[in-house]
Amino acid sequence: MNQDVPIIEVKNVSMRFNLATERTDTIKEYFVKLLKGQLMFNEFYALKNVNLTVNRGEAVALIGANGSGKSTLLKCIAGVLYPTTGSIAVRGSIAPLIELGAGFDPDLTARENIYLNGAVLGHDRKFMDAHFKSIVDFAELWDFIDVPVKNFSSGMVARLGFAIATEVSADILVVDEILAVGDFRFQEKCRARMSDMMKGGTTLLFVSHSEAQVKELCQKAVWLEKGKIRLFGNVNQAYDMYEKG
């Protein structure tokens with residue numbers, strides 16, 4: 001892999017959502033109006049002509065107020081969403097820690113969901129067999145391994161999802177607010193694993209409302225405001241400008 005080529009290139013990316021302006025009380029009513037052309041929409045741009053280049057091994061935070069487009073940009077880079085216009089090039093494997101547990105079946109046990117989530121991430125059963133103990137050890141869920149995930153707390157789901165997604169160091173780690181879930185000791189454990197991955201060359205894209213967490217992990221920051229990049233540079237400079245408005 002050419003180390004001089006950016007690992008992530010976002011070019012002229014915009015993301016548009018259509019918001020219904022009329023109230024509909026049922027799903028049936030919604031689709032009837034939609035088919036008859038009676039449903040009116042407002043266009044909302046979560047991202048507007050965003051350009052961003054991230055090099056290998058960089059740790060970059062996305063900062064900004066709620067609704068500024070941080071999570072939307074992460075989801076576009078991770079391939080969860082496809083931009084309305086523009087292009088995104090990602091040169092490497094991604095560990096997406098965006099909505100931990102989103103790939104779980106609540107009616108299945110933790111054991112079953114480990115294999116299910118592993119398959120979603122592209123790992124075969126042989127791989128998951130080899131890494132099963134390490135995943136459960138990290139998540140500290142041996143006492144609940146055969147309990148349906150629907151009975152788990154949000155913190156337990158986050159622990160399991162984080163353990164699976166970070167079992168193997170990916171080229172890119174995409175993290176959205178997941179360190180806000182769970183107890184302080186486990187958050188420290190997660191940060192330590194992320195730091196180890198970064199020391200091994202993993203690129204980090206990080207969203208958190210904790211300035212302390214951002215400055216601990218990241219050297220650069222992107223300040224987003226209303227879907228546009230206001231500044232991309234040193235993390236301290238970005239926070240100074242963001243706080244001044």
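Here is a short walk through the structure, one selection at a time.

**Before you click.** This is a predicted model, where local features need pLDDT of at least 70, side-chain atom pairs count only at pLDDT 80 or more, and totals for chains, interfaces and linings use all residues. Residues are numbered from 1 along each chain as its sequence is written, and side-chain values use heavy atoms, with hydrogens and water left out.

**The whole chain.** Switch to a cartoon view. The protein chain has 8 helices and 9 strands; these are DSSP runs numbered from the N terminus, with helices (H or I) of at least four residues and strands (E) of at least two. Of the 245 residues, 42% are buried. Buried means under 20% relative accessible area, exposed means over 50%, and partly exposed is in between (1.4 Å probe, protein chains only).

**Stop 1: Lys70.** Select residues 70-78, which form helix 2, and pick out Lys70. Is Lys70 buried or exposed? Lys70 counts as buried because its relative accessibility is 7%. Not counting residues up to four places away in sequence, Lys70 touches Leu62, Ile63, Gly64, Ala65, Val207, His209 and Leu224; contact here means heavy atoms within 4.5 Å. Show the side chain too: one of its polar atoms lies 3.1 Å from the backbone oxygen of Ala65. Other buried residues in helix 2 include Leu73, Leu74 and Ile77.

**Stop 2: two crossing helices.** Now select helix 3 (residues 110-120) and helix 4 (residues 125-139), whose axes come within 10 Å and cross at roughly 125°. That angle is why helix 3 counts as oblique to helix 4. Axes are lines fitted to C-alpha atoms, for helices over the stretch in contact, and angles run from 0 to 180 degrees between N-to-C directions. Under 35 degrees is roughly parallel, over 145 roughly antiparallel, 65 to 115 roughly perpendicular, and the rest oblique.

Which residues of helix 3 meet helix 4? They are Arg111, Ile114, Tyr115 and Gly118, and their partners in helix 4 are Arg125, Met128, Asp129, Phe132, Ile135 and Val136.

**Stop 3: Trp142.** Carry on to Trp142, in the loop between helix 4 and helix 5 (154-165). Trp142 counts as partly exposed because its relative accessibility is 40%. Leaving aside neighbours within four places in sequence, Trp142 is in contact with Phe132, Lys133, Val136 and Asp137. Show the side chains of Trp142 and Asp137, which are joined by a polar contact of 2.6 Å. (A polar contact is a pair of N or O atoms within 3.5 Å; within protein, one must be able to donate a hydrogen and the other to accept it, and residues adjacent in sequence count only if both atoms are side-chain atoms.)

**Stop 4: Thr203.** Jump to strand 7 (residues 203-207) and select Thr203. Thr203 counts as buried because its relative accessibility is 0%. Its contacts beyond four places in sequence include Ile7, Val54, Gly57 and Asp171.

**Last stop: Asn49.** Finish in strand 2 (residues 41-54), where you'll find Asn49. Asn49 is not a glycine, yet its phi is positive, about 50°. With a relative accessible area of 54%, Asn49 is exposed.
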